Structure formats: C-alpha cells, structure tokens
Amino acid sequence: MSNRDIGTPARQPVGSDQASTDSSASGKHTFDARPVRLTVNGRDCTAMVEPRTTLLDALRGALLLTGTKKGCDRGECGACTVHLDGRRVLSCMCLAAMQEGKRITTIEGLEHDGELHPMQAAFTVHDAFQCGFCTSGQIMSAVAMIEEAKAGWPSAATQDLTKPFSGCDLSPQEIRERMSGNLCRCACYPHIVGAVQAAARS
Amino acid sequence: MHLFGLSHAPDIGSAIAWHARDPGLAFIAGGTDLIGLIKDRAALPKRLVDINGLSELTPIKPLAGGGVRIGALARMSDVAANPEVRERFPVIAEGLLFAASGQLRNMASIAGNILQRTRCAYFRDQDDPPCNKRRPGSGCSALHGINRNHGIFGWTDSCVATHPSDVAVALAAMDAFVLVRGGSGERSIPFAEFHRLPGNTPERDNVLERGELIIAIEVPGRPEGRASHYLKVRDRQSYEFALVSAAAAVATDGGRIRSARLALGGVAHKPWRLSAAEEALAGIALNDTDKLRAAIALSFADAHPLTHNAFKIELARRVALRALQTAGERA
C-alpha cells in the first residue's frame, strides 16, 4: 500500500457543529461527529464521522482512500465492496460509527510488498475490465468469495447442500452465482469469470 | 440521510426498555434494509440503537427432536452454511442462498430479514407518492398503478404490496416460531401469525409491539424437513426479488405423500400458506402430476389478480407443483 498518511483528517463532515448528545431515558445517543477507530489495511487510524456517515463515505472522504467506489449507494451494485473482519460487505450500507475497532481491507490494502494480489494480476491478464469503475469491488468480492468457498459455504448454484462444498468445485456457474452482487455496466462478465477462476486455481 | 443519533445497547434489558419509552428509536443490526429505507426517507428514526453487541443473540443451535434455534443476530450466510440447517431444513438454506448477494448475506441478520419492508416501488419512492405504508391515509398508488410485482392474495384497497423475504416463506412452511422478548417477558409467536395482512393498517407489517425485540427463530423438528425445497422464479437468474416463489416439504410413504407443507412468496403481504392444498395432497402419488395439480388448485379459489399480475396465478400453481415434486425427489 502507499505511504499516504491515513490519520485523522483536518476536515470534519457536514453538520458536525450541530446537536451534541442526548441523554434521555432511552440511552445516551451521540448526534455529532466523533472519532471512530478502525484498522484499515493493517494500520490503526481514526476518522471523524457522524452517526449517519457510511463506512464508504468515511473511507473515501475522511481517510482519502478513494479506491473503493460509490456506485448506486443503495446496496445494489457492489462497487463499494470491502472486507470487514475478513468478510466481504457493502460499505455503502453500513455506518462507520458502528465499526469501532474493526479490521477493514480495501483495494489499496491487497498488494503485498509492491506485488499485486493474485486476483489483481488475474484481472489484468484476463482483461477483466473496461472502464474500471466496478473493478475494485469485483476484486474485493472475488478474493473473499474464494475464502467462503474454501470454508465450504454452499451457494444457490450448489447441487447438494447437505454435503460440504469443496473449494475446487468453483465452476463458472458457481462463480457467476457467487459474484452476482457485483454489476459491471461494461459487461466484462466472461473475462471476470475467467480471471476469478484462474486466481482460484492459483 | 437525515441526522440521527446512535447508541450501543449494553444488554437486552436496556435495549427493550429504551425502545419501549421512545417512539423515535429503532434497533439496527445488519442495517441492510434500514439504511436503504433511511436513504429513501421511508424510515426517519431519530435515534438508532446498535444491537450487534448482544452476543447471546448470535448462536445457531441444534434442538433435540431435529429442530434448530437460530439466534436473531445470526447472519444469513452463517445460517445458510450451518450443517444442521442444511441437513434438517434444506428449504431454509435455499431460501437464504437464493436471496440478496454474498455481501448482503454476510451483513443481514435473520431477524432483520423477516422484518424487511416491501419492495413496492411506490413505498420506496423518495418523491413520496400516495402510499398507506409510507404515509397512512394517503392512498395506494399501486392499486391502479404499475402492479406487476404485487399481490394476488389477501390484498385490500389500502395496500397491494408483497412481503419480500425468501426465508420467511420457508419458515412459514415449517411452522417456525418467532421468540420475542418485551418488558413483561418472552412470547413465542407462531410464524403464520407473525406477519399481518394489510387490512386498513398496512403501515404495520407484523405483530411486534414497541418495546419488543426478537431473540431467536425456533424451527421444531418436522418429519417433512429433510425432503424440502425452495423454488424462486424471478426476472433475473440471480440477485433479484421473487416474482413468485414456493417452499415445499413432504413426508412420503412408498412414493405417496403422507403429509405436505406448501407456502408461496411474492403473492401476498405475508408468506402465503396453501392449507387447503396441503390437506388434499395427502395420499397422492408424487408422480401423479394431474392429481397434484388439482389439489394445489384448491388453494387458488381466493386469488384475485391486479391489472398487471394475472400471470402470477398460473405461475404460482406451477411453481408450487415443481417445488413439491423436487422436494419429493429428496424423500
């Protein structure tokens, strides 16, 4: 990853000078911006967020990690996929303030010692993108998807749910089903499936 | 999104007490439906209480007698991957795996799944067209609008929306129970009674009261559980809500149905059990398609299509039949 400092940004989110806290009979609620501590790509950092700030907006706006993309902002396109404690999630549909202490990996954190992650390398070799807007989400999703398959998780394409799924059963049909939460408007799907299958075998 | 407050529930008792006292407060778990509703201004809570720290609500446990108890906060992907769920109730695992996407299944809780609100496009519309769910008393835009995705059973002029959950259809077929805790203790709600029909108060999707929290879903052992199947028909092959779906389960005797369970999704304000068909199916051979079809048809006497969804009646009959026969192949 880059050496960019991802510490507390100087700029605070909109509305951070508004209401503070509300200690009513229904608990102590924080309304204003406050710091949330996250471990992003292996580094401890702090982001100033309001309760309503999504993890996506915190990553892009507060921590300046713009590799994660905002597509639909409604949990429909998958462009904002990141890993939260090792699992793929949609960062546009979670609140940053609920992720205190969590471990987050974004596309910026996949490379290792200047070497591309095998999934990143497979996407370049297989020409698995055109405009590239969905690519970071596709890659983050695919990396975690292979771990899910290795853990024996079935999918809607799995024939026999009663048997453990074997990671080596990742057929193109399984990959398409497991990756259906990542849309590509350039429709590079055949090459994406090829890249994911190649990376899964490596 | 509008400005709202956030706190974290330290224990179940506090969460329930806060919720009971504060009509502006909403629980948040996975958030995959609630955050979308807030973005679409279909929910405007003043305060959210994060309940993800209530770790006693997470485990999935096998029950004596062949059942399972699924903690309210168990994630869809964990429930779908659970060995006991897959073996004892394939219909539940399939209901989960055919829903949403890998990312959303990692986030969404089982209790949040059955609490998700309708996908009716008028209800979700930020421009606030008449919708009795969104603004009680404002009318129903879907009744004479675009209603291809809407109900054929149990609707009223107040609301023609359908419930979007897949796994709820499987849980209804299995006669699961929703365990709920409130200020005066716990109650166990039979699944068929959990979701409501719209009547004149479609703003209420279910019978949960303020100050109540779902603790778990309990699925008792059922002789039909192992030979079960969830079949979902939709406009896209994956990552789409159902046009029509069916959860089917059978116990058999030498190729004949001893007992059957059948419920439909995508057709009503709640999972729609085909009770008349279930009764008539007993004794019919699984390969006697004509008799199976006739038995299923008994449950369609009260089906009423809207302007654009008459196709759902024939589609639902066929989906129910195929789900039943596929379940039978597992017996």
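How many residues of chain B are in contact with residues of chain A, and how many of chain A with those of chain B? In this predicted model, 39 residues of chain B are in contact with 38 residues of chain A. The side of chain B that touches chain A draws at least two residues from each of several elements, namely β1 (5-8), α1 (12-21), α2 (34-39), β3 (47-50), α3 (76-81), α4 (83-88), α5 (90-97) and α6 (102-107) of chain B. Of these elements, α6(B) gives the most to that side, with 5 residues. Sorted by class, the side of chain B that touches chain A comprises 18 nonpolar, 13 polar and 8 charged residues.

Chain B itself contains 12 helices and 12 strands. Its radius of gyration is 19 Å, close to the 20 Å that the globule rule gives for 331 residues, so chain B is as compact as a globular protein of that length. The C-alpha trace of chain B spans about 60 × 50 × 35 Å along its principal axes, and 57% of the 331 residues of the chain count as buried. When contacts in chain B between residues at least 6 apart in sequence are considered, 64% of them join residues at least 24 apart.

One residue of chain B may be followed in detail. Val233(B) belongs to strand β9 (residues 228-233) of chain B. With 18 other C-beta atoms within 10 Å, Val233(B) is partly exposed, since a residue counts as buried only if 20 or more such atoms lie within that distance. Leaving aside residues up to four places away in sequence, Val233(B) touches Ala242(B), Leu243(B), Val244(B), Ser245(B), Leu315(B) and Val319(B). For one of these residues, Leu243(B), the separation from Val233(B) is 10 residues in sequence and 5.8 Å in space, C-alpha to C-alpha.

Chain A has 5 helices and 7 strands, which follow one another along the sequence in the pattern β-β-β-β-α-β-β-β-α-α-α-α. Buried residues account for 50% of the 202 residues in chain A. Of the contacts in chain A between residues at least 6 apart in sequence, 57% join residues at least 24 apart.

An open sheet of 5 strands is found in chain A, with mixed pairing and the strand order β4-β3-β7-β5-β6. The edge strands of this sheet, β4 (43-49) and β6 (87-90) of chain A, each pair on one side only, and neighbouring strands are turned by 45° against each other on average, direction ignored.

The pairings within the sheet can be traced strand by strand. Strand β3 (residues 34-40) of chain A pairs with β4(A) in the antiparallel sense over 7 bridges, and in this pairing Pro35(A) stands opposite Met48(A) in β4(A). These two strands, β3(A) and β4(A), form a hairpin with 2 residues between them, and Asn41(A) in the turn has a positive phi of about 55°. With β7(A), by contrast, β3(A) pairs in the parallel sense over 2 bridges, and Thr39(A) stands opposite Arg103(A) in β7(A). Strand β7 (residues 103-105) of chain A is also joined by 2 bridges to strand β5 (residues 81-84) of chain A, the two running antiparallel, and Ile104(A) in β7(A) is the bridge partner of Leu84(A). Helix α3(A) packs on the sheet, where it touches β5 and β6 of chain A, and its direction makes about 40° with that of β5(A).

In helix α2 (residues 118-125) of chain A, the residues Met119(A), Gln120(A), Ala122(A) and Phe123(A) are buried. Seen down the axis of α2(A), these buried residues fall within an arc of 160°, so they line one face of the helix. Just after α2(A), Asp127(A) takes a positive phi of about 55°.

A contrasting position is that of Ser166(A), which lies in the loop between α3 and α4 (172-178) of chain A. Ser166(A) is exposed, with 10 other C-beta atoms within 10 Å. Between Ser166(A) and Asp113(A) there are 53 residues of separation in sequence and 31 Å in space, C-alpha to C-alpha.

Notes
Residues numbered from 1 in each chain as written. Chains lettered and ligands numbered in written order. Predicted model: local features only at pLDDT ≥ 70, side-chain atom pairs only at ≥ 80, totals over all residues. Helix = DSSP H or I, 4+ residues; strand = E, 2+ residues; numbered from the N terminus. Buried ≥ 20, exposed ≤ 12 C-beta atoms within 10 Å, placed from the backbone. Contact = placed C-beta atoms within 7 Å. Arc of directions from axis to C-beta. Pairing = 2+ DSSP bridges. Axes fitted to C-alpha atoms, helices over the stretch in contact; angles between N-to-C directions. Rg over C-alpha atoms; globule rule 2.2 N^0.38 Å. Nonpolar A, V, L, I, M, F, W, Y, C, P; charged D, E, K, R; others polar.
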